[in-house]
Amino acid sequence: MTQIIVTGILLSGTYALIALGLTLQYGVARIMNLANGETLVAGCFIAMWLFTTLTINPIVGLLLIAPAAFAANWAVYRVALEPLVKRAKNRGQLEVDSILATFGLLFLFQGMMLLTFGGEYFNYTFLAQRFDIFGSGFGLNRVVAFAAAVVIAVGLYIFLYHTRYGTAMRAVSADPKSANLVAIDVARTAAIAFALGGALTACGGALLSTFYTFNASMGVVFTMKALIIVIMGGVGDVRGAVLAAIILGVAETAVASLIDPSLTLAATYTLFIVVLLFRPQGIFGRPTS
Amino acid sequence: MKRRTLFAAAICAAGLTLAPAAFAQDVIKIGASAPKTGPLGGGGAMTHWPNIELWVHEINEAGGLQVGDRQMTIELIEYDDQTNPEIAIQNIQRLATIDNVDFIVTPYSTGINIATAPMIAQHGYPHITTSAATDGVAEFAQRWPNSFWMLGTATQLAVGAVEAFSKLRDAGEIGDTVALLYVGDAFGQEHINAAKPLLLEAGFDIVYEASYPFGTQDVAPIIAAAKAAEPDSFMAFSYPGDTFALTEQAQIQGLEVGAFYTGVGTAFPSFRDRFGDAAEGIMGIGGVNLDDPKVADYFDRHEELTGSEPDYWASATTYAGLQVLAQAIEETGSLDRAAVIETIQNGTFDTVIGTIDFVDNVNPNVWTVGQWRDGKFVAVAADGIAVGAEPVVKPAW
């Protein structure tokens with residue numbers, strides 16, 4: 001039983017890493033980023049490249065990947081997405097436009113990775129050793145990824161709920177028009193939220209690459225998972241995303257261990273439907289007016 | 001003036017479009033459609049595309065194919081099917097009707113080969129499949145007489161796996177209990193349907209059996225449950241992502257078994273690179289006989305041109321399928337597709353995986369199980385051809 005819970009919680013760390021970036025991008029910057037998975041896979045590739053060619057440990061590599069991803073996502077937002085934000089008359093239109101635009105970006109990013117790395121499967125060995133918790137063996141790489149997920153989630157929570165700038169970000173998330181009235185630079189805040197989300201996603205990818213086998217066209221798998229978690233948790237709420245990740249991680253592990261591994265996907269989507277039926281706005285979401 | 005310029009330009013343009021047609025007879029146009037992206041993009045990049053590149057390169061380096069009294073080089077037209085059967089069918093149609101290619105090389109994977117078979121048959125192209133391992137091959141070969149099946153059947157592969165396990169068990173190296181896993185799609189289902197009765201018949205005791213959804217890489221609970229059943233051996237019909245994940249978890253959780261078998265991906269050189277010494281003794285689908293100088297030479301040429309080692313399963317078969325096509329064209333002495341199909345049906349072909357002599361359009365001689373031994377994935381079970389070695393018990397992780 002303890003093994004199921006520990007395995008489940010470790011898995012939720014992985015899921016949180018997949019979803020936290022999208023929470024910011026969708027919740028604050030209001031960009032439904034379908035290229036989220038590609039950002040994550042790019043993180044995988046860069047971490048692998050740093051590790052295999054320059055022998056930079058992926059954890060140290062985060063110090064390079066995070067700022068690089070922040071800058072790249074900032075640029076993407078300024079060049080490709082801000083024009084959409086400016087011309088959108090309402091939230092619905094921005095959502096549709098951003099879905100279409102990021103759908104295109106998905107193929108652009110995927111194509112760039114295919115050109116650079118080819119379509120093959122990749123993985124590498126980093127901390128793939130046994131780590132004992134309560135007498136059972138777990139992958140040390142997964143434990144490290146979980147610890148990093150906790151640090152990132154707590155850091156993000158403190159930033160959003162206990163700093164001035166974080167509060168501004170939540171204000172933009174809640175109501176961009178009113179935020180503008182209290183002298184918050186909405187455009188800049190949204191750009192930073194998008195860039196920060198991209199940086200988190202790339203860092204998640206770097207950590208996941210230590211135990212996943214990946215290739216250039218795998219991004220959509222991660223985007224799907226992130227979407228489910230973000231929508232289940234309540235759009236734009238970090239606490240909701242973390243809670244949804246824990247629910248999914250533990251539920252999938254319990255189903256795989258106690259019932260049948262073939263039902264893990266069924267369990268995920270059943271939980272998703274139940275949440276949507278009883279709380280369509282997500283666990284922590286605010287009802288839309 | 002203006003009109004005259006336009007006229008001149010039109011003549012030039014007409015000349016340009018006509019010119020290649022005049023030389024076209026010295027070029028064989030070959031079409032290829034296979035995944036570069038999508039879920040099978042990784043497999044395609046590993047097993048399929050490098051062999052086409054190698055084959056075209058070698059033929060053109062040698063001056064082309066001798067077709068009757070003409071020396072013809074190959075022009076390759078390639079499309080990405082995005083691992084989507086619909087797109088694959090459109091690609092084939094485009095190759096046949098717009099690009100007007102002379103021949104089409106096989107698409108990649110069981111599913112897409114079957115999806116495109118009717119379209120390839122409709123246009124009368126020979127269809128030599130090298131990446132389809134299914135029990136339907138006899139039926140497909142009958143339904144589409146232009147199609148040829150080289151990679152064996154799920155039953156052959158399952159028989160090989162059970163044979164290898166039985167040999168170890170009969171030698172007293174492992175006990176009777178086995179944990180059985182399979183990916184929840186057509187591939188896994190077909191293999192489990194073939195393997196399970198064989199295991200029971202051979203006197204094995206299945207102490208754990210489970211399937212998991214396609215794409216699963218979080219397999220810790222599955223390995224934990226398998227380990228709790230304390231099996232003597234472990235057999236999983238898995239895909240590359242899960243093959244790596246199952247092996248890593250088995251290693252981490254210390255699932256000690258005397259025979260450890262995983263599915264697609266075990267034969268990838270990257271599997272050996274990832275697990276290093278721990279890969280020693282792991283069995284999986286595929287295997288080649290590197291004692292055969294032709295195979296060894298093929299491995300060298302592949303690495304030299306494409307910069308990567310071929311995988312130890314379908315790579316050599318893929319190259320052999322292309323060799324069959326080239327030899328059949330030369331033997332027929334023309335680009336007449338119906339005649340080439342007839343040549344393939346009746347001829348014998350000398351390839352890197354031995355002599356190919358189709359029986360009712362199916363190649364019956366295949367390697368079925370490989371085992372990592374000192375960095376090489378050696379065939380330890382086969383149907384109709386020589387193995388490279390006998391299976392040995394897997395050392396502890």
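Predicted model: local features only at pLDDT ≥ 70, side-chain atom pairs only at ≥ 80, totals over all residues.
1. Overall build of chain B. Chain B contains 13 helices and 15 strands. Its radius of gyration is 23 Å, close to the 21 Å that the globule rule gives for 397 residues, so chain B is as compact as a globular protein of that length. Along the principal axes, the C-alpha atoms of chain B fill a box of roughly 90 × 45 × 40 Å.

2. Burial and contacts. Of the 397 residues in chain B, 56% count as buried. If one takes the contacts in chain B between residues at least 6 apart in sequence, 67% of them join residues that are at least 24 apart.

3. Two domains. The domain assignment divides chain B into domain 1, made of 7-153 + 292-366, and domain 2, made of 154-289 + 368-383. The C-alpha centres of these two domains of chain B lie 31 Å apart, and the contact between them takes 19 residues from domain 1 and 21 residues from domain 2. On the side of domain 1 that touches domain 2, the largest share, three residues, comes from helix α2 of chain B, residues 41-61.

4. In soluble globular proteins, nonpolar side chains tend to be buried together. The largest nonpolar core here has 127 residues, and the members that touch the most other members are B:A161, B:I223, B:F234, B:A259 and B:L325. Helix α12 of chain B, residues 314-332, gives the most to this core, with 10 residues. Domain 1 and domain 2 of chain B both give residues to this core, so the core lies between them. A second, separate core has 94 residues, including A:L40, A:A179, A:L227 and A:A241.

5. Strands of a sheet pair through backbone hydrogen bonds, either parallel or antiparallel. Chain B has an open sheet of four strands with mixed pairing, in the order β2-β3-β1-β4. The edge strands are β2 (65-67) and β4 (103-104) of chain B, each of which pairs on one side only. Helix α12(B) packs on this sheet, where it touches β2 and β4 of chain B, and the direction of α12(B) makes about 35° with that of β2(B).

6. Strand β1 of chain B (residues 27-34) and strand β3 of chain B (residues 70-80) run parallel and are joined by eight bridges. To follow this pairing by eye, one may look for B:I28, whose bridge partner in β3(B) is B:I74, and then for B:A32, whose bridge partner in β3(B) is B:E78. By contrast in direction, β2(B) and β3(B) run antiparallel and are joined by three bridges, with B:Q66 standing opposite B:Q71 in β3(B). These two strands, β2(B) and β3(B), form a hairpin with two residues between them, and B:G68 in the turn has a positive phi of about 60°.

7. Where chain B meets chain A. In this interface, 32 residues of chain B are in contact with 32 residues of chain A. On the side of chain B that touches chain A, at least two residues each are supplied by α2, β8 (205-212), α8 (220-228), α9 (240-253) and α10 (269-275) of chain B. The largest share of that side, seven residues, comes from α9(B).

8. One residue of chain A. A:R164 is found in helix α6 of chain A, residues 164-174, and counts as exposed because it has 7 C-beta neighbours inside 10 Å. The C-alpha atoms of A:R164 and A:T102, which are 62 residues apart along the chain, are separated by 30 Å.

How values were computed
Residues numbered from 1 in each chain as written. Chains lettered and ligands numbered in written order. Rg over C-alpha atoms; globule rule 2.2 N^0.38 Å. Buried ≥ 20, exposed ≤ 12 C-beta atoms within 10 Å, placed from the backbone. Contact = placed C-beta atoms within 7 Å. Core = buried A, V, L, I, M, F, W, Y, C linked by C-beta atoms within 7 Å. Domains from an automatic or database assignment. Pairing = 2+ DSSP bridges. Axes fitted to C-alpha atoms, helices over the stretch in contact; angles between N-to-C directions.
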